[in-house]
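User: I am learning to read a protein model feature by feature. Could you take me through this one, giving the general idea each time and then the case at hand?

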Amino acid sequence: MFNVTTKSMQWGEEKLTLETGKIARQADGCVIATLGETSVLCAVTFAKTQKPGQDFFPLTVHYGEKYYAAGKVPGGFFKREARPTEKETLTSRLIDRPIRPLFVPGFKNEVLVICTVLSHDLVNDPDMVAMIGASAALTISGVPFMGPIGACRVGFVDGEYILNPEIDDMHDLRNKPEQRLDLVVAGTKDAVMMVESEAYELTEEEMLGAVNFAHEQIQPVIDLIIDFAEDCAKEPFDYQPADYSELYEAVAKAGEKLMRKAFAITDKQERTTAVAEAREAIKAALTDEQLADENLGSAMKKLEASILRGDVVKTGKRIDGRDTTTVRPITSETGLLPRTHGSALFTRGETQGLVVTTLGTGDDEQMIDALQGMYKSNFMLHYNFPPYSVGEVGRFGFTGRREIGHGKLAWRALQAVLPPATDFPYTIRVVSEITESNGSSSMASVCGGSLSMMDAGVPLKAPVAGVAMGLILEDSGDYAILTDILGDEDHLGDMDFKVAGTDKGITSLQMDIKVAGITPDIMDKALAQAKDARLHILGEMANALTEAGEFSAHAPRIETMQIPTDKIREVIGSGGKVIREIVEVSGAKVDINDEGIIKIASPNAEAIQKAYDMINSIVAEPEEGKIYRGKVVKIVDFGAFVNFFGKRDGLVHVSQIENRRLNHPSDVLKEGQEVWVKLLGFDDRGKVRLAMKMVDQETGKEITEDKE
């Protein structure tokens, strides 16, 4: 009934297996990829005809994690998987980015890639398994795909690169100083296609070494996919790229001069208008048959690209007048918004981000329900890209994949310099509002985020800056690396290479390319050029702020205290009774975790101190020989019981009340009276022994000599 093909290999510490022919046989290609006991089903389908008038490549990638894969039941009321999580969205983008450039140029049939996590061993991250499975499924499907690609994750510990480290090793790297890198690389046999990383001030040499190490490690994976495809691949889809050379010649003849003149305008809005007018002029000069040609859009884009790209490679001059290494003018401001905890406006050329920081308490931490378990995050970065930032009228609604991806890139860049939670016990939320955009708004979010957090008083280890690099690679092999690219240079160029970091090293690297890969030599030069730009931007940012400013008067104050874990129950009380009382009486917010770390938060210092004292009275132990202020709670024939330490009572024997003989303690004491007592110690049964006669009842100081 089944025609099953299976191929396996040992890859690092685990066995990698590809299988097809048993499940989802009606898909054009379906592969179940398994690493260890993590399995992902990857199915590919594609339309056999192109939609009329289709002028872009409609590739859609969906990555989904099923809770049953880890033996879990989804939370919420409906108890089923709902809208994609951030991890699922980011992984969908991760798969899309390296495969998109590898479809045959001109192919515009709809392609759908669905990756579903079926089993998760909580050791091997399914995102890498999904990338490999998607590559294999595309390779056997018959779709015109110039792959395969391989992918892997790389860690960096004690100067050694680690292939596919375990999930636990890569979680919460900020609190794992030994692990300095979380790098994902995808590539073909010959070149690297995509890079995504979170790093902790790695040098350019260390980062390049990690990328090269990853490219070496994916070679056997690519060989496995090729061997697999030789046994089970379908016949290639009969697709011939359209020949629109005559149409292109007509377009170039009609409008090359106008288009070149338009691209000579340095202002973005004026240039956009001029380019649109040039397009209309070209269309006016074409015949009805040429206007009806579905390749007209491709011919127009080819003309625009040839002008922009050719001029840069030949002359070194770009459409805004800069050379290849110059960063656009930068202006940085902080403290713009009076009631926010921290704010910054970062402007680089025609790209601008208004970035705001809010400091919260433990109650504000984000709860993340992942396959490997529930955990909290005390740092969030949210990126917003409204249509007005590019002068457009567009839909304004839910957060899209682009916003999530750009926000995560900025989050990774800034994560590396945050102070430990033990030193700065705040939840940090950074929001980047992109108010203008003409290239690299994610890097503006990094720069503005760094300044905004310092304005809020967050003691960052060092300021962070980011820059986007571009590449124009001609068929002749000539190329130009561009610093601080514009939107048009990103759109019509071959690479978007974003590097963020401090003056000591890289904290995040992301690379996307539109050609069949770049060489290590090009990447090396791009990293070196990016370092120069990053240091320049850090210098410009220093004009506004170089270190954490004064703590915001509007932010909550948080004090931390550590208590023994066996005292946690006493602080919480039965059903939370004690901790609720502390919050109500003091007016402060109190949060306690399983390690016995308590965070007390309030804008009012007196409220924090009151809560601290109440908690301390519960968990602290009285010290022998120390003097305490107490209250008489009960009088008996042989002495008086005094509440002197939280809820602790002790006995002052009648002989220890005064330096004279008393007939009865009530001769000098009454219930409710406040007295000073000294803790003499504990008897054999643990009872507390107190004394009053050794303490001056007016001053509370110990009497060194008995008074007659």
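User: Which residue is the bridge partner of Ile-635 in E26?

Analyst: Helices (H or I, at least four residues) and strands (E, at least two) are DSSP runs, numbered from the N terminus, and two strands pair if DSSP finds at least two bridges between them. In this predicted model, where local features need pLDDT of at least 70, side-chain atom pairs count only at pLDDT 80 or more, while totals for chains, interfaces and linings use all residues. Residues are numbered from 1 along each chain as its sequence is written, and side-chain values use heavy atoms, with hydrogens and water left out. Here the partner of Ile-635 in E26 is Ala-640; strand E26 (residues 639-645) pairs with E25 in the antiparallel sense over five bridges, and a hairpin of two residues joins E25 to E26.

User: To which other strand is E25 joined by five bridges, and in which sense do they run, parallel or antiparallel?

Analyst: Strand E25 (residues 627-636) is also joined to strand E28 (residues 674-682) by five bridges, and these two run antiparallel. Within that pairing, Gly-630 has Val-675 of E28 as its bridge partner.

User: How do E16 and E17 run, parallel or antiparallel?

Analyst: Strand E16 (residues 379-384) and strand E17 (residues 427-436) run parallel and are joined by six bridges, with Asn-384 finding its bridge partner in Glu-433 of E17. From E16 the chain passes through helix H10 (residues 401-415) to E17, in a β-α-β crossover that is left-handed. To judge the hand, let the strands point away from the viewer: a crossover is right-handed if the path from the first strand over the helix to the second runs clockwise.

User: How much area is buried between domain 3 and domain 4?

Analyst: The size of an interface is often given as the accessible area lost when the parts come together. Buried area here is the accessible area (1.4 Å probe) that two parts lose on being put together, summed over both, and the domain bounds come from an automatic or database domain assignment. That assignment places domain 3 at 330-543 and domain 4 at 557-619, and the area buried between them is about 700 Å², of which carbon and sulfur atoms give 55%. On the side of domain 3, Thr-361, Pro-425 and Tyr-426 lose the most area to domain 4, together 57% of what that side buries. Seven residues of domain 3 are in contact (heavy atoms within 4.5 Å) with seven residues of domain 4.

User: How many salt bridges does the rule find across that interface?

Analyst: A salt bridge is a side-chain nitrogen of Lys or Arg within 4 Å of a carboxyl oxygen of Asp or Glu, and by this rule there are two across the interface of domain 3 and domain 4. Elsewhere in the list of salt bridges, Asp-369 and Lys-72 meet with 2.8 Å from N to O. Asp-369 lies in strand E14 (residues 366-370) and Lys-72 in the loop between strand E5 (59-65) and helix H1 (86-99), so the pair ties together parts that are 297 residues apart in sequence.

User: Which peptide bond is cis?

Analyst: Most residues other than glycine have a negative phi, and most peptide bonds are trans. The bond from Gly-147 to Pro-148 is cis, with omega near 5°, and Pro-148 sits in the loop between helix H2 (126-141) and strand E7 (150-157). Leu-122, a residue other than glycine, has a positive phi near 65°.
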